[in-house]
Amino acid sequence: MSISKQWKFLLATPANLCTALVIAGAVAGLTATGVRASQSSINTLPAVSDTHPKPASLSAAAQPAAAQSVTAQPTAAQQAPQPTLHANAIEAIANVAEMEPAEADEAQADDPSAIDQVTSVSQLTDVQPTDWAFQALQSLVERYGCIVGYPDRTFRGNRALTRYEFSAGLNACMDRINELIAAGTADLVKKEDLLAVQKLQEEFAAELATVRGRVDAVEARTATLEKQQFSTTTKLNGLVWFNLSAANASRDVTFEGPPGSVENPANGRFFATRDPATGSPTRQVTGSPEPTFSFLTWLTFNTSFSGKDSLVTQLAAGNGISPINQYASAGFFNAFGSPFTDQSAGTVNGRNDVVIHDLFYSFPLNDAIKITVGPRVNWYRHFDFNRFTFFLTGAGSFDSIGSTQTNAIDRGSGAVIEWNINKQFRLAVAYLGENTEFLPGQFGFNTSSNPNFGLFGGTNTATAELTFSPTSSLNFRFMYNYSRIQAYGGQVGGAIGEPIPYGYLDAGPGFSNGIIDGGLNHAYANTLAFNFDWLITPGFGIFGRYSFGNTNLEPINKAVDVQSFQVGVGFPDLLKKGALGVVTFLVPMDIIRGEEYFAAGAGDGGTMYELEASYFFPLSDNLALVPSFYAIFNANNFDSNPTIFVGNLRAQFSF
């Protein structure tokens, strides 16, 4: 048999390679360092092995989120989270979901490039003394120390070996022999060994040249990337949404709001008035709006100084005014039945201003505790998570992505502490003073940075949430939220009104009589909320929420009680891997006590409820289409109102 045929035969398995190298004697200089160096070269090459391709790495796209990581994001949050997964899932807002450590270990175990040095053949659990190549392998391991194994202490000697892999090992052997000769230890290398290696070098000259060429090309590309990358410590992630939305009702819809708000809903429904003669909230009537096509984008800069910490700066811009807002009572704007991504980002609805959405710094105190602090911390990154209502992949309206009664602060100044007690329990606590990017500071909002109110004197909240996960498919969350809510124009409500999710409160009839003079200074509120999700089978799950809020109005010392609930079903991987279908029924605001203090929002005593359906369909790792359909009954809490139908189709891009 010719030398060419002999060595081509030896490419069948790593065991054959072991025997070949022993016969050649080249292993005298094949050290663990040389093997690792050659293997690193292999790892940098695209498609080195055509017989056993490596598993594709997980995408950074929002998974679905995921999401990301935005990513999530996720994917991300929608996949059976343990208590420790909550923050990772929400981080898809900023990034897109990332591989968990356990997943990384599993991927490493399956990756031929993930290998560790062994010092005894007995450390390789799948090698037996009866194996035909045992002696060759023992010699290579124990005499020359040049064989490595997988992290699970296996050798996998029957795995096919390509010519490129053999060439890389041979190249490392040759380099080591040259080192020994240069160091004056040539007596360790026999003449016959050099002849054998020379023949191997000639036989595999083409493969060696290809390997070296690929390494050179990768090094050149790496140098170019290093010169052109945005930053050595900062990563840029993005989420972009295109929204096509429409809303319609069979006849005119009644809403509560000041005169003139029919023609200007985007600016005229942020306070409430009463009829001076009757003391009743003023009512208006509106017809159907036209369909809209708008955008929203978030760009996130994630900077790490230690590899474990994260400084997050998120910019946002958008121009959406969802058509459903044409029907909204004062205090309902950009809330009831509105697709979450169909909104503007700044203080003026419809104007695409660029604003700082999130700004905070997170760092681990130890392996179990993470601290987040900043002037604009996103409350929803840390609380009220649910695998079926994560906004990137699950239910998609303002009403359905979270409890409508939490939280009075979307973004705030303060700190969050998250403690992963063990695999079953997670505790998160926070204190935040209001600093919300879409509320204009000139009107008294952003109280945490306003010297007239400060961090503790304006609108602020304290939150505690305990998550219990008895299994990876079942999660229970119990939350308590305390709020101090600042009154504006003597009224409490709107964007900072929770646990009053919709409308405006005042001191009752006799106040807000045609003007903004509601008679209130502030309010104190206590909210209890429960949230669960259960993935019963890989393709089917259920979820639900219940919240109760008590709001005490000052200085009149009167109370308003409101509750809300939501139930739904989810269908992961519906028709495609990574897809998610969600159907949910919810009552966003049921007034139990204090109806007379609603200057807008109580309607004629009816109770609004909604039925929603959405379907997240990923076209690729970076693009998804999400059609949604909502039916809103007793809109604005008017039994007399017709049913409103809302349709939304969003294209979701992540990078």
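Figure 1. Pro-572 is buried, its relative accessible area being 14%, where buried stands for under 20% relative accessible area, exposed for over 50% and partly exposed for values in between (1.4 Å probe, protein chains only). The view is taken from a predicted model, in which local features need pLDDT of at least 70 and side-chain atom pairs count only at pLDDT 80 or more, whereas totals for chains, interfaces and linings use all residues. Residues are numbered from 1 along each chain as its sequence is written, and side-chain values use heavy atoms, with hydrogens and water left out. Pro-572 belongs to strand E18; helices (H or I, at least four residues) and strands (E, at least two) are DSSP runs, numbered from the N terminus. When neighbours within four places in sequence are set aside, Pro-572 is in contact (heavy atoms within 4.5 Å) with Phe-388, Leu-535, Pro-538, Gly-539, Phe-540, Ala-579 and Leu-580. Thr-537 is 35 residues away along the chain, and its C-alpha atom is separated from that of Pro-572 by 9.3 Å.

**Figure 2. The salt bridge between Arg-593 and Asp-561.** Arg-593 forms a salt bridge with Asp-561, the closest N and O atoms being 3.1 Å apart; the term requires a side-chain nitrogen of Lys or Arg within 4 Å of a carboxyl oxygen of Asp or Glu. Because Arg-593 lies in strand E19 (residues 580-593) and Asp-561 in strand E18 (residues 558-572), the pair ties together parts that are 32 residues apart in sequence. Arg-593 counts as partly exposed at 42% relative accessibility, while Asp-561 is buried, with a relative accessible area of 10%.

Figure 3. A search of the whole structure finds twelve salt bridges, among them the one in which the side chains of Glu-465 and Arg-426 meet at 3.8 Å, N to O. This pair links distant parts of the chain, with Glu-465 in strand E12 (residues 460-471) and Arg-426 in strand E11 (residues 425-434), 39 residues apart. Both Glu-465 and Arg-426 are buried, and they take part in a network of salt bridges that links Lys-370, Glu-418, Arg-426 and Glu-465. In another salt bridge, the side chains of Asp-533 and Arg-477 meet at 2.9 Å, N to O. Here too the pair links distant parts of the chain, since Asp-533 lies in strand E16 (residues 522-537) and Arg-477 in strand E13 (residues 474-486), 56 residues apart. Asp-533 is buried, with a relative accessible area of 0%, and Arg-477 counts as buried at 3% relative accessibility.

Figure 4. Strand E21 (residues 609-618) and strand E22 (residues 623-633) pair in the antiparallel sense over eight bridges, pairing being assigned if DSSP finds at least two bridges between two strands. E21 and E22 form a hairpin, with four residues between them, and Glu-610 stands opposite Ile-632 in E22. E22 also runs antiparallel to strand E23 (residues 644-654), to which ten bridges join it; across this pairing, Ile-632 stands opposite Ile-644 in E23.

**Figure 5. The open sheet E14-E15-E20.** Three strands form an open sheet in the order E14-E15-E20, with antiparallel pairing. Strand E14 (492-493) and strand E20 (598-600) stand at the edges and each has a single partner strand, so one side of each is left without a neighbour in the sheet. Strand E15 (residues 504-505) and E20 run antiparallel and are joined by two bridges, with Phe-598 in E20 as the bridge partner of Leu-505.

**Figure 6. Charges over aromatic rings.** Arg-269 lies over the face of Phe-255, at 3.8 Å from the ring centre, and Lys-576 lies over the face of Phe-617, at 5.1 Å from the ring centre. A charge sits over a ring if NZ of Lys or CZ of Arg is within 6 Å of the ring centre and within 35 degrees of the ring normal.

**Figure 7. Confidence along the chain.** The chain averages a pLDDT (the predictor's confidence in each residue, from 0 to 100) of 81, and 76% of the residues score at least 70. Over residues 1-17 the pLDDT stays under 50, and the model has 37 contacts beyond four places in sequence for them. Residues 19-114 also have pLDDT below 50, with 296 contacts in the model beyond near neighbours in sequence. Where pLDDT is low, the predicted coordinates should not be read in detail.
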